[in-house]
Amino acid sequence: MSQVKKISRRRIVSTMMDSEAHNKRSPILTSPSQDLSTHIADVGEIKHYFCGCCAAFNNVAITYPVQKILFRQQLYGIKTRDAILQLRRDGFRNLYRGILPPLMQKTATLALMFGLYEDLSRLLRKHVSSTPEFAIRSVAAVLAGTTEAILTPLERVQTLLQDHKHHDKFTNTYQAFRALRCHGVAEYYRGLVPILFRNGFSNVLFFGLRGPIKEHLPTATTNSAHLVNDFICGGVLGAMLGFLSFPINVVKARIQSQIGGPFQSLPMVFKTIWVERDRKLINLFRGAHLNYHRSLISWGIINATYEFLLKIV
């Protein structure tokens with residue numbers, strides 16, 4: 001009789017253990033609909049990076065020659081006509097010289113800019129839900145801009161390849177990267193401070209004002225009307241931000257055109273440029289009108305392409 005009781009107890013314990021094991025495993029199992037929703041959410045997060053990347057590629061391919069003229073004006077303080085003459089003397093084969101770094105840098109930068117902004121906004125909204133929406137989006141924009149600065153070496157090499165003074169030193173992106181290697185890792189990040197200032201400032205205003213500006217445009221009822229509104233919204237913001245951050249880019253271009261030597265602070269370089277240009281604000285903004293029109297077109301293309309792809313991807 002006692003043996004029967006022991007066997008019964010063992011069976012009961014075994015049944016209870018099997019039941020507990022089943023209960024522990026059951027939460028791991030998900031229905032097909034849950035798996036599908038998770039997959040869709042993951043794709044939804046990735047598409048912001050993809051759309052930003054494609055928008056940047058489209059923009060760089062179209063506007064690179066204009067950007068090159070603008071760069072010469074920022075670096076040397078020359079007029080538009082003189083910058084164009086420089087490019088003519090360089091020849092057509094050098095017109096797209098140096099396009100690889102900005103192509104790599106812009107595609108990666110805008111992928112991070114749009115993708116990280118959406119991801120960080122979602123993350124902050126989840127963990128600090130009591131914070132005002134404007135503050136959440138502003139912090140997300142600054143953090144995204146700070147992360148973009150990781151790609152400073154690409155912008156650094158682009159500056160060197162666009163400067164005709166370095167044409168005889170290297171002819172392609174690889175040679176430019178190699179030339180900086182002997183000066184240490186810090187040389188690749190020369191000009192990091194103005195880039196951090198520019199990215200944070202621009203991102204906060206771009207993402208903060210993009211929605212309100214579009215709301216004040218005429219209501220779009222067709223796809224082409226939406227495309228026009230997105231172009232206008234991005235173009236207006238880009239032109240405004242390009243003009244406001246122009247002096248920072250002037251300082252950045254001067255800092256990054258140097259190879260080797262001591263690292264000068266942003267205020268010191270600004271003071272040098274200010275003296276060189278006769279202490280006149282108008283001379284500091286030489287080339288700003290071209291930058292205004294380039295930014296208008298560039299950011300119009302970027303915003304319109306991004307929003308268009310976001311709807312079809």
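How many disulfides does a search of the whole structure find? The search finds zero. The structure is a predicted model, and its protein chain has 14 helices and zero strands. Of the 313 residues of the chain, 42% count as buried.

**Overall organisation**

- Read from one end of the sequence to the other, the protein chain follows the pattern α-α-α-α-α-α-α-α-α-α-α-α-α-α.
- Among contacts in the chain between residues at least 6 apart in sequence, 78% join residues at least 24 apart.
- The protein chain exposes about 17,600 Å², and carbon and sulfur atoms supply 65% of that area.

**Nonpolar cores**

- The largest nonpolar core has 20 residues; Leu110, Met113, Phe114, Phe206, Phe207 and Tyr306 have the most contacts inside it.
- At least two residues of this core come from each of α2 (32-76), α4 (100-127), α5 (133-148), α9 (192-215), α10 (223-244) and α14 (288-312).
- Helix α4 supplies the largest share of this core, six residues.
- Another core, of 16 residues, lies apart from it and includes Ala83, Phe246, Val250 and Ile273.

**Surroundings of Tyr306**

- Leaving aside residues up to four places away in sequence, Tyr306 touches His48, Cys51, Gly52, Ala55, Phe114, Glu118 and Arg210.
- Phe114, one of these partners, is, like Tyr306, among the residues with the most contacts inside the largest core.

**Cysteines**

- Cys182 has a relative accessible area of 66% and is therefore exposed, as this value is over 50%.
- Cys233 has a relative accessible area of 1% and is therefore buried, as this value is under 20%.

How values were computed: Residues are numbered from 1 along each chain as its sequence is written. This is a predicted model: local features need pLDDT of at least 70, side-chain atom pairs count only at pLDDT 80 or more; totals for chains, interfaces and linings use all residues. Side-chain values use heavy atoms; hydrogens and water are left out. A nonpolar core is a set of buried Ala, Val, Leu, Ile, Met, Phe, Trp, Tyr and Cys residues joined through side-chain atoms within 4.5 Å. Buried means under 20% relative accessible area, exposed over 50%, partly exposed in between (1.4 Å probe, protein chains only). Helices (H or I, at least four residues) and strands (E, at least two) are DSSP runs, numbered from the N terminus. Contact means heavy atoms within 4.5 Å. A disulfide is a pair of cysteine sulfur atoms within 2.5 Å. Accessible areas come from the Shrake-Rupley method with a 1.4 Å probe; for residues, only the protein chains shown count as cover.
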